[in-house]
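Please look over the sequence and the structure shown below. The briefing that follows goes through them topic by topic.

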Amino acid sequence: MDFFTYLVSGLSLGSIYAIIALGYTMVYGIAKMLNFAHGDVLMIGAYISFVFMNQLGVDPALSVLLACISCTVIGITIERIAYKPLRGANSLAVLITAIGVSYFLQNIALLVYGANPKSYKSVVSIPPLHLFNGALSISGESIVTILLCILIMIALTTFINKTKMGQAMLAVSEDRGASTLMGINVNGTIALTFAIGSFLAAIAGALLCSAYPTLTPTTGAMPGIKAFVAAVIGGIGSIPGAFIGGLILGVLENLSKAYISAQLSDAIVFSLLIIMLLIKPSGILGKTNIEKV
Amino acid sequence: MDLLQQRKKKKLSYNISIYLMIVIAYAVVMLLSSQGKISSLFQGLLVPFCTYSILAVSLNLVVGISGELSLGHAGFMCVGAFTSAIFTRYMKFLGVEGLYLFVIAIIIGAFSAGVFGLLIGIPVLRLKGDYLAIVTLAFGEIIKNIANAIYLGFDENGVHLSLKNTMDLGLSDKGFIVVKGAQGITGTPHYSSFTAGVILLLITITIILNLIESRTGRNIKALRDNRIAAESVGISAMKYKLIAFSIASAMAGVAGVLYAHNLTTLTALPKNFGYNMSITILVFVVLGGMGKIRGSIIAAVVLTLLPEMLRGLQDYRMLIYSIVLIVVMIFTSAPSIKQYVEVFKNKFPKLTRNPVLMKKTKKEGK
């Protein structure tokens, strides 16, 4: 039964990765840039919900919602100030700017909240579920995380396939020039993508810190990188790909922590990325792009 | 022909200026330190200056000259640091010490990091752009993780290696544990000095400057500027990118050797060999100017010195770094700002145009 316990907590961690990976994959698909600062938006979101919940005593659900709204604003602001001027510049410049933004957010958090870890009170108050006479227990956080992740996936897929804005996003990711000609507001669409990504990042931040309750300015860095790895494994630009990649990564990480070595689990996770990129660089559900001269 | 010769002359004077800059800086520091005018704080920064300069120059070979973004440079530094420190620490245990060991350590460090660079480069360099960046980052983290988990000991039966703990090594009584997992290597001999650092830096620069101007270097630059065009005239992308990548890795390894032998304890922390370190080196390269060797050295020295000078602003240091990074990138790369620069260049051609080309056009005018 130990195996199933690890599997479920792996699925829960994987769901968090999947939610973060959505932000990466959508931004990469539409703006063609690697938003390195995504993990740090998550961290900022976690701090905001922490302040509302633990210091101001606001209801957990409401404080997560407030964090989501703040993060949306932060995400759009970052896009406007740092990334928009660089649209059309080479990808190296954009990537380094994103790294700059990531450092900026980390250091803002360091200045405001200090380096001491904060202990995050769980946003979930559901009691753990005991199955098979208590042999397998699933924590409330895991249940909420997995269900929320599935819900977000369904909502996002519906949004993209059924609404005009979602179709505009698909069009921009397909061909930016042509969608401008068709009258799509490209800048608006990209801003919307950042808004959705940052909104989801705040949710992921609250869930992550509920499951692993230490909050520091670098909390978002590692999960951010791993979520990007998940997005690449699933096929970057693909929403179901982010889901599959996230789950694979979370389960692999937890199982290798349990059965191989806690210290080497990160190395194993990153090895999976490297193996994946060597076998199928476009990821599980990604499209292969043929480079034209 | 005239144009070509002038270009060559300009290149030569640029290269000489780099050497002069380092030699003069070295002479000034040595003169001041002989008179005891250098504070102990500054004294302690001298070797890091060289370490970071070598790292920045070598990363510039990958990012600036070869045009591939690598975020795992600190990983190669880690390889060089650990392999060389294992060697010197074991020699110290055997009772052998001496500066000639440092030379051997440098060769070991450079060789092992270079081999690592080659092995990692073969799969990794098939990828491009952001993917390459993320995979090099992953490799850097893997190297750091393994360095943190490794246990290594020697006894009369040979080398013992484990990823679990010291007991698992199964050493005999005469054995000696060199690497103790997360505690790293303790008691590495202190071989690094400012003089050694400057000599290594000069060697690094000589290799890179010669490489850039050679046929190989021109091929590397051609691949950076237009991969498809370069490949179509028969330049093997894989081969030349691999050359640049593994040479840069070997140099990072040398920097690692210098780093390891400047401290008594060597541990693989996120701070020194992790992704943050790789980014710091990248910042040196970007702010110094991509492809500019002199700029990398100046940026490495100034940005290492700056936080020490601004001790009061310690908290704001990285914040200022990050803002500078964003602003520099926007001002140098944003298409809209580039347009303004073009307008400026057209309005004041005398100020901005290349002097060599100016003369040429004047002659044509006659």
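How many residues of chain A are in contact with chain B? The answer is 38 residues of chain A, which touch 36 residues of chain B; two residues are in contact if their C-beta atoms, placed from the backbone, lie within 7 Å. This is a predicted model, in which local features need pLDDT of at least 70 and side-chain atom pairs count only at pLDDT 80 or more, while totals for chains, interfaces and linings use all residues. Residues are numbered from 1 along each chain as its sequence is written, and chains are lettered from A and ligands numbered from 1 in the order in which they are written.

**Where the chains touch**
- On the side of chain A that touches chain B, α4 (91-113), α9 (221-234) and α11 (265-279) of chain A each supply at least two residues. Helices (H or I, at least four residues) and strands (E, at least two) are DSSP runs, numbered from the N terminus.
- α4(A) gives the largest share of that side, 14 residues.
- By class, that side of chain A holds 28 nonpolar residues, nine polar and one charged. Here Ala, Val, Leu, Ile, Met, Phe, Trp, Tyr, Cys and Pro count as nonpolar, Asp, Glu, Lys and Arg as charged, and the others, Gly among them, as polar.

**Chain A as a whole**
- Chain A has 11 helices and four strands.
- The radius of gyration of chain A is 19 Å, close to the 19 Å from the globule rule for 293 residues, so chain A is as compact as a globular protein of that length. This radius is taken over C-alpha atoms, and the rule is 2.2 Å times the number of residues to the power 0.38.
- Along the principal axes, the C-alpha atoms of chain A fill a box of roughly 60 × 45 × 35 Å.
- Of the 293 residues in chain A, 53% are buried. A residue is buried if 20 or more other C-beta atoms lie within 10 Å of its own, exposed if 12 or fewer, and partly exposed in between, with C-beta atoms placed from the backbone.

**Helix α1 of chain A and its end**
- Helix α1 (residues 2-31) of chain A packs against α9(A) at an angle of about 75°, with the axes 8 Å apart. Axes are lines fitted to C-alpha atoms, for helices over the stretch in contact, and angles run from 0 to 180 degrees between N-to-C directions.
- α1(A) is therefore roughly perpendicular to α9(A), a term for angles of 65 to 115 degrees.
- Among the residues that meet are Tyr17(A) and Tyr24(A) in α1(A), and Phe228(A) and Ala231(A) in α9(A).
- Lys32(A) lies in the loop between α1 and α2 (38-55) of chain A, and its phi is near 55°, a positive value in a residue other than glycine.
- Most residues other than glycine have a negative phi.

**A sheet in chain B**
- Three strands of chain B form an open antiparallel sheet in the order β2-β1-β3. Two strands pair if DSSP finds at least two bridges between them.
- β2 (158-162) and β3 (176-180) of chain B are at the edges with a single partner strand each, so one side of each has no neighbour in the sheet.
- β1(B) and β2(B) form a hairpin with two residues between them, and Leu152(B) stands opposite Leu161(B) in β2(B).
- None of the five residues of β2(B) is buried.
- Helix α3 (residues 73-93) of chain B lies across β1 and β3 of chain B, at about 155° to β3(B).

Conventions. Parallel < 35°, antiparallel > 145°, perpendicular 65-115°, else oblique.
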